[in-house]
Amino acid sequence: MFLCIAALTAACANGPLSDQGRADREIWRAESIRITYRGHNYQHIDNVVSWETARRLAEDAGGYLACFETREELEYVQAHLPRRLTSWVGLTDAESEGNWKWINGVELAPSMMGYLERGIDLGYRDYGHIMLQGELSSRGEEGSLPRGWRGKNQVEGYLVEWDTR
């Protein structure tokens, strides 16, 4: 399975997929989906990339960066990941500082703010990720650890979501 993920990541990073690439993508999706929750499938991809690259790769794989509209959904997916990870999700305030929205247009529930607006350098920390502790936090587009924070130096990967309905 790791080889399939690596092949897909490399193919997506190098440009549009050929017909064979599309077939490989469908096989990859069918064999590697790890988490299902209320009509959605999720897969963490181990790949240290920028938020924008993660978004493009998720879309190239036929999905999108995960959008958690409830705390229950976030906690369920986190509990079923194979290990504690930092992962890009489809959350940003790039359009309007402090106004966090999922890429599907849904505003973030206030109860899910976590660490998004804590600390310094908030003006460049426009992209959401899941912290090791399970809360949401923000980093710059490249995923580097903000000044004054402890944790992983880079976001370790990204969560892709597919609708099954």
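Modeller: Rings of Phe, Tyr and Trp, the last taken by its six-membered ring, count as a pair if their centres lie within 6.5 Å, and planes under 30 degrees apart are stacked, over 60 edge-to-face and the rest tilted. In this predicted model, local features need pLDDT of at least 70, side-chain atom pairs count only at pLDDT 80 or more, and totals for chains, interfaces and linings use all residues. Residues are numbered from 1 along each chain as its sequence is written, and side-chain values use heavy atoms, with hydrogens and water left out.

Colleague: How many aromatic pairs does the structure hold?

Modeller: The structure holds four aromatic pairs.

Colleague: Why is the pair of Tyr-42 and Phe-68 called stacked?

Modeller: Their ring centres are 5.8 Å apart and their planes stand at 20 degrees, so the pair meets the limits of within 6.5 Å and under 30 degrees.

Colleague: What makes the pair of Phe-68 and Trp-102 edge-to-face?

Modeller: The centres of these two rings are 6.1 Å apart and the planes are at 85 degrees, which is over 60, so the pair is edge-to-face.

Colleague: Are Phe-68 and Trp-102 buried or exposed?

Modeller: Both Phe-68 and Trp-102 are buried, where buried means under 20% relative accessible area, exposed over 50% and partly exposed in between, with a 1.4 Å probe and protein chains only. Tyr-42 is buried as well.

Colleague: Why is Arg-38 called exposed?

Modeller: Arg-38 has a relative accessible area of 54%, which is over 50%, so Arg-38 is exposed.
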